[in-house]
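Open the model in your viewer and keep the selection tool at hand. Each stop below says what to select and what is there.

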Amino acid sequence: MIFKTWTTGLLALCSSTLTSASAIPYVDDQAVLKYADHAASPHDVDADTFTRPSWFTSTLMARRLLALSPSGVISTTFPSHIPASSRTPAEVAGFPIGLREYIADCDGILPENLSHGDNGDPTILALRVATTFRNIGTGSNLSLEIDWWDHLSDAGAVYPGLPPSPAALPRITLFGYLDTLPELSVAAAASLEKCFLQSHPDAKYWLPATPGSPHASYWARLVVTHVYWIGGFGDVQQIGWMNVTEWKGIRQHGSLPGVGDGRGWEDVRLPGEKKGHGAL
Ligand SMILES: *[C@@H]1O[C@H](CO)[C@@H](O)[C@H](O)[C@H]1NC(C)=O
Ligand SMILES: *[C@@H]1O[C@H](CO)[C@@H](O)[C@H](O)[C@H]1NC(C)=O
Ligand SMILES: *[C@@H]1O[C@H](CO)[C@@H](O)[C@H](O)[C@H]1NC(C)=O
């Protein structure tokens, strides 16, 4: 019986991956909250209470995932030709490489004439020497993957009949391009550093313009153009491409006019988060 539920979920995951996201009907908006409640007491998990959150609720969860995540995997590709003088083997030319990098959701603290209005474009501290940023420098496209898999032990059983399962936890891939931030005023740099160092205290040693820093660095921002979401198993979570207008319109508290239903990412919780736990 348990095994059957498991298998059904996995099949649903596979079929949702293959079908168009737009074919998935709108379901229960409050599901994510129920989901979090039940995750706290695995023995109460009951298949009937699991209904798929709406796409807007999923997008709130996705923006919350970005806000709470200190790092993500940036995928780039090596150039199609690698010079013989390079220490990179010529054979990896054109191959993708995913590397975990520090990120922070700090756009909202940038000065008004620079900020994108806290629209979910992640801030990145780029090291000139790092493979990720060298590949981007030679024209590579990039995407950034963020997941909630580190929270498996808090999330507990998130699917009926299944032991704790990373595959049931959310992950997201952001596509776009890297925008180097212009030189910041002293005050703007100080605010950005304060925001970034909250989740990366060690990065103070390689902030831009840090005397004696081992690595030259610069501030950049991923300007998001597309968002791919896997909420978990496809019969209880959404899987597919998000509405980028909604992604960009969501704020911590509420959303821009014309987007959503008055909620912001502060109004949802990810699996295993304590109720009432403040975000930042
Ligand atoms: C933004 O405004 C600040 C201060 O008013 C100014 O120094 C800076 O050059 C402006 N930046 C841009 C990108 O316009
Ligand atoms: C990057 O993506 C764009 C489409 O957005 C494409 O035109 C371009 O060829 C890609 N660059 C590389 C190096 O693949
Ligand atoms: C995306 O969301 C916006 C705001 O809710 C809406 O106006 C627009 O029609 C949506 N786009 C698609 C393709 O559904």
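Which residues does T173 touch, not counting residues up to four places away in sequence? Select T173 and look for S143, L144, E145, H226, V227 and Y228. Contact here means heavy atoms within 4.5 Å.

Two notes before moving on. This is a predicted model, in which local features need pLDDT of at least 70, side-chain atom pairs count only at pLDDT 80 or more, and totals for chains, interfaces and linings use all residues. Residues are numbered from 1 along each chain as its sequence is written, chains are lettered from A and ligands numbered from 1 in the order in which they are written, and side-chain values use heavy atoms, with hydrogens and water left out.

**Stop 1: strand 5**

Stay on T173. This residue is found in strand 5. Helices (H or I, at least four residues) and strands (E, at least two) are DSSP runs, numbered from the N terminus. T173 is buried, with a relative accessible area of 17%. Buried means under 20% relative accessible area, exposed over 50%, and partly exposed in between (1.4 Å probe, protein chains only).

**Stop 2: the aromatic pairs**

The structure holds four aromatic pairs. Rings of Phe, Tyr and Trp (its six-membered ring) pair if their centres lie within 6.5 Å; planes under 30 degrees apart count as stacked, over 60 as edge-to-face and the rest as tilted.

Select F175 and W241. Their pair is tilted, with 5.4 Å centre to centre and 45° between the planes. F175 sits in strand 5 (residues 171-180) and W241 in strand 7 (residues 239-241), so the pair links distant parts of the chain, 66 residues apart. F175 counts as partly exposed because its relative accessibility is 29%.

Now select F196 and W219. The ring centres are 5.1 Å apart and the planes at 70°, so this pair is edge-to-face. F196 lies in helix 6 (residues 186-199) and W219 in strand 6 (residues 217-230), so the pair ties together parts that are 23 residues apart in sequence. Both F196 and W219 are buried.

**Stop 3**

Select S185, in the loop between strand 5 and helix 6. S185 counts as partly exposed, at 44% relative accessibility. Its side chain reaches the backbone nitrogen of A188 at 3.0 Å. Show P111 too: S185 and P111 are 74 residues apart in sequence, and 9.2 Å apart in space, C-alpha to C-alpha.

**Stop 4: the nonpolar core**

A nonpolar core is a set of buried Ala, Val, Leu, Ile, Met, Phe, Trp, Tyr and Cys residues joined through side-chain atoms within 4.5 Å. The largest one has 60 residues, and those with the most contacts inside it are F133, I172 and L174. Helix 3 (residues 55-68) gives the largest share of this core, eight residues. Select F133. Leaving aside neighbours within four places in sequence, its contacts include I74, E101, L178 and Y218.

**Stop 5**

Select V244 in helix 7 (residues 244-249). V244 counts as buried, at 18% relative accessibility. Beyond four places in sequence, V244 is in contact with V224, T225, H226 and V227.

Finish at ligand 3, which is surrounded by N243, E246 and G258. A polar side-chain atom of N243 lies 2.3 Å from an oxygen atom of ligand 3. For E246, a polar side-chain atom lies 3.5 Å from a ligand 3 oxygen atom.

Notes
A residue is near a molecule or strand if one of its heavy atoms lies within 4 Å of it. A polar contact is a pair of N or O atoms within 3.5 Å; within protein, one must be able to donate a hydrogen and the other to accept it, and residues adjacent in sequence count only if both atoms are side-chain atoms.
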